[in-house]
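Subject: Structure handover

Hi,

Here is the structure I promised to pass on. Please open it alongside this note, which walks through what turned up.

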Amino acid sequence: MDAPRSLAPQRQDAWLWRLVATGASFVLFGLGGLALRLFVFPPQGLLPGSRRVRQRRARRAIGGSFRWFIRFMVRAGILTVDFRGAERLGRPGQLIVANHPSLLDVVFLIGHVDGHANCVVKHGLVTNPFTRGPILSAGYITNDQSLEMLDRSAEVLKQGEALIIFPEGTRTPVGSLPKLHRGACAIALRGAQVVTPVVIRMTPRSLTKGEPWYRIPYRRMRYSIHVGPDIDPARWRDRHSPPIAGRLMNDFLHDYFASELNHHAGTGN
């Protein structure tokens, strides 16, 4: 009797080259963070301007480096990107809400949003020597899950900044739909002019939480990032008390992401 054949997908798209290029990408990312901290931000800090002006300079430098990093990965054959609607991101007072399937999601969004956009980032990144400098120089908000974090996030929206947030708080587990925390809705109800959802899809799934960088997928990663329709938080804020408004808005966003991602899975696009 013949032995059963392995059901594992066959490696495609120059797998060995993609493994080497992925390792090189992680090295470049770390070196890029150090270069910004040592050689870019100090000279920028000597230029005249207010704290907000210095932060905007830092954010533009980070956004430019992220765009370069994305181009490197695309040209190296590691991944492809289809980003639709990016021109609608970065408006004053706009809360950008995205799902979080992979490690690279924040790179794509910061790299495509205008330089004045703020971002809520994982609190642990401020202790990482490769990311501490960019986060502090850009004035990004670290997610320590405190009321002060919610207040600061709402305040930057009121001041006319755009704000990027991943309401899951961590990467989506493989085989699961996003589970959104209500913090993003609390921020939206306190300070956002408009909320814009961004649906991020990737196939095959990779760079998930706890997955080592060298466990690359059998074929090239394909990212599809689509900006959804604007949502006015006043539809809940003006009709309900804050706790009820936050819950209803969170349910709406949860259903929106679930519908979009399920539709994508069902069509195979």
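How many bridges join strand β2 to strand β6, and do the two run parallel or antiparallel? Five bridges join them, and the strands run parallel. β2 covers residues 94–98, and β6 covers residues 194–203. Within this pair, Leu 95 stands opposite Val 195. Keep in mind that this is a predicted model.

The sheet

β2 and β6 belong to an open sheet of seven strands. The order is β1-β7-β6-β2-β5-β3-β4, with mixed pairing. Two strands sit at the edges, β1 (79–84) and β4 (141–143), and each pairs on one side only. From one strand to the next, the twist averages 20 degrees.

Helix α5 (residues 147–158) packs on this sheet. It touches β2, β3 (118–122), β4 and β5 (163–165). The direction of α5 makes about 145 degrees with that of β4.

Strand β7

Next, look at β7, residues 221–227. Five of its seven residues are buried, so β7 is largely enclosed by the rest of the structure. On one pairing, six bridges join β7 to β1, and these two run parallel. There, Thr 80 has Arg 222 as its bridge partner. β7 also pairs with β6, over six bridges, in the antiparallel sense. In that pair, Met 202 stands opposite Tyr 223.

The cores

Tyr 223 comes up again here. Along with Val 198, Tyr 223 has the most contacts inside the largest nonpolar core, which has 42 residues. Helix α2 (residues 51–75) gives the most to this core, with seven residues. A second, separate core has 27 residues, including Met 249, Leu 253, Tyr 256 and Phe 257.

Val 198 is worth a click. Leaving out residues up to four places away in sequence, its contacts include Leu 89, Ile 96, Leu 109, Ile 225 and Val 227. Phe 257 is also among the residues that Val 198 touches.

Last, α2 packs with helix α1 (residues 15–46). Their axes come within 11 Å and cross at roughly 160 degrees. Angles over 145 degrees count as roughly antiparallel, and α1 and α2 are therefore roughly antiparallel to each other. The crossing is right-handed. On the α1 side, the contact includes Leu 28, Phe 29, Val 40 and Phe 41. On the α2 side, Ile 62, Phe 66, Trp 68 and Phe 69 are among the residues involved.

Best wishes

Note on methods:
Residues are numbered from 1 along each chain as its sequence is written. This is a predicted model: local features need pLDDT of at least 70, side-chain atom pairs count only at pLDDT 80 or more; totals for chains, interfaces and linings use all residues. Side-chain values use heavy atoms; hydrogens and water are left out. A nonpolar core is a set of buried Ala, Val, Leu, Ile, Met, Phe, Trp, Tyr and Cys residues joined through side-chain atoms within 4.5 Å. Buried means under 20% relative accessible area, exposed over 50%, partly exposed in between (1.4 Å probe, protein chains only). Helices (H or I, at least four residues) and strands (E, at least two) are DSSP runs, numbered from the N terminus. Contact means heavy atoms within 4.5 Å. Two strands pair if DSSP finds at least two bridges between them. Axes are lines fitted to C-alpha atoms, for helices over the stretch in contact, and angles run from 0 to 180 degrees between N-to-C directions. Angles under 35 degrees count as roughly parallel, over 145 as roughly antiparallel, 65 to 115 as roughly perpendicular and the rest as oblique. A crossing is left-handed if the near helix is turned anticlockwise from the far one by less than a right angle, and right-handed if clockwise.
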